[in-house]
Amino acid sequence: MLSKVLCVLYPDPVTGYPPEYARDDLPELPETYPDSDQTLPSPSKQWFEPGSLLGSVSGELGLREFLESQGHELVVTSDKEGKDSEFEKHLPDADVVISQPFWPAYLPEERIRKAKNLKLVLTAGIGSDHVDTDAAANAGITVAEITYSNSVSVAEHAVMQILDLVRNFVPSHQYAVNGGWNIADCVKRSYDLEGMDVGIIAAGRIGLALARRLKPFGVHLSYFKRHRLSEELEQELGLTYYESTEELVRNVDVVSIHSPLTDETRHLFDEELMNSMRRGSYIVNTARAEIMVRDDLIKVLESGQIAGYAGDVWYPQPAPVDHPWRRMPNEAMTPHISGATLSAQTRIADGVVECLEDFFRDERLRDEYIMAEPES
């Protein structure tokens, strides 16, 4: 049966879709992901040039030739908000919806009710909290994401943001751009990471990858996870286990958040919790913005209780121009790009094709990709 695939992607670069790239190829990776027996995505054919900008509208996730060669319809848009958007226009007769955590097409229950033909919702990346998974499953829709595809990408970004904060990189860079040589201004908030206590909240795939990358810095690593890691892994990485987030954050200098957004984690970091941390602590959040209480974060940064915050996630996404996190002190914010490297986009696009191939063959998707599915 032929399908209509509705794909929501972020807009092209303001200078236009790139005619060439900084590198000519990508490094080869092992067949399986780190600390896992899960293999990388394995479509029957790769339909695009690895290392291309696939996540923007013109990149089309490399899907155009693949889908149209089989007679399927592909609609790609970045216009996703409001009743007159392209997304709303095409949703009622779409069989498949694809969007990204970086530019999510929100699918609450009321939108799902409009999508009478919808059978598959794919997140091109990791994190499907923009979808009401219960409503989707009740409507006979499978929700899936490309698990592990960009976990290392996010871990690398977290390392960068930790160093950005501790070394006061962003203001120092700005002095250089502005023509200054303000050494005292740069270093008055700059420290070594070595010797600090670093706490990881949710030591899953991303958290473990972060721990492996931070260990050589000579830090003292701690973590909280609902299910404790093995004693062997704790010893290998020098990890100290805490039984709660509250206990962890009181005993570290840097907190890196990698939790999913759940009822338990939504607004977990409020003013009370952050005031319980060591004065001058740093927080890095590459997970979900709603784990923070937005205005409470601003308060503890302005008071100096928290020395710096680096986030890669916002709510809503994209963040409005007047979002207060764009102007708060001692921040190292980025748009949601940690998992969107050109390297990660190749794995994500391969995974999307793999999922679509299984879907078109009426075969079940990989277990590790499925976030919700109808009861059989």
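These are my notebook entries on a predicted model of one protein chain.

**Ground rules**

I number residues from 1 along each chain as its sequence is written, and for side-chain values I use heavy atoms, with hydrogens and water left out. Since the model is predicted, I take local features at pLDDT of at least 70 and side-chain atom pairs only at pLDDT 80 or more, while totals for chains, interfaces and linings use all residues.

**Entry 1: the whole chain**

I started with the overall fold and found 13 helices and 12 strands. Both kinds of element are DSSP runs numbered from the N terminus: helices are H or I with at least four residues, strands are E with at least two.

Next I looked up the dimensions. The C-alpha trace spans about 65 × 50 × 40 Å along its principal axes. The radius of gyration is 21 Å, which agrees with the value near 21 Å for a compact globule of 376 residues. I took that radius over C-alpha atoms, and the globule rule is 2.2 Å times the number of residues to the power 0.38.

For burial, 53% of the 376 residues count as buried. Buried means under 20% relative accessible area, exposed over 50%, and partly exposed in between, with a 1.4 Å probe and protein chains only. The chain exposes about 18000 Å², and carbon and sulfur atoms supply 49% of that area. Accessible areas come from the Shrake-Rupley method with a 1.4 Å probe; for residues, only the protein chains shown count as cover.

I also checked contacts, meaning heavy atoms within 4.5 Å. Among contacts with a separation of 6 or more, 68% join residues 24 or more positions apart.

Then the charges: the mean positions of the 35 positive and 62 negative charges are 3 Å apart. Lys and Arg count as positive, Asp and Glu as negative, and His and the chain ends are not counted. I placed each charge at NZ of Lys, CZ of Arg, CG of Asp or CD of Glu.

**Entry 2: the nonpolar cores**

Which residues touch the most other members of the largest nonpolar core? They are Ile 162, Leu 193, Leu 210, Leu 214, Leu 221 and Val 254, out of 32 residues in that core. By nonpolar core I mean a set of buried Ala, Val, Leu, Ile, Met, Phe, Trp, Tyr and Cys residues joined through side-chain atoms within 4.5 Å. Elements giving two or more residues to this core include α5 (151-166), β6 (197-201), α8 (205-214) and β7 (220-224). Helix α5 supplies the largest share, seven residues.

I followed Leu 214 further. Leaving aside neighbours within four places in sequence, Leu 214 is in contact with Val 159, Ile 162, Leu 193, Val 198, Val 219 and Leu 221. There is also a second, separate core of 30 residues, and its members include Ile 201, Val 252, Ala 287 and Met 292.

Gln 161 sits in helix α5 and counts as buried, because its relative accessibility is 0%. Beyond four places in sequence, Gln 161 touches Val 284, Thr 286, Ala 310, Gly 311, Asp 312, Ala 332 and Thr 334.

Asp 358 belongs to helix α13 (residues 342-360). Is Asp 358 buried or exposed? At 11% relative accessibility, Asp 358 counts as buried. Its contacts past four places in sequence are Glu 363, Arg 364, Leu 365 and Arg 366. Asp 295 is 63 residues from Asp 358 in sequence, and their C-alpha atoms are 44 Å apart.

Glu 243 is in the loop between β8 and α10 (245-249). With a relative accessible area of 65%, Glu 243 is exposed. I found its C-alpha 21 Å from that of Leu 214, 29 residues away along the chain.

Most residues other than glycine have a negative phi, and most peptide bonds are trans.

Asn 330 is not a glycine, yet it has a positive phi of about 55°; at 31% relative accessibility it counts as partly exposed.

Glu 60, in the loop between β1 (4-8) and α1 (64-68), has a positive phi of about 55° as well, although it is not a glycine. I noted Glu 60 as buried, because its relative accessibility is 17%.
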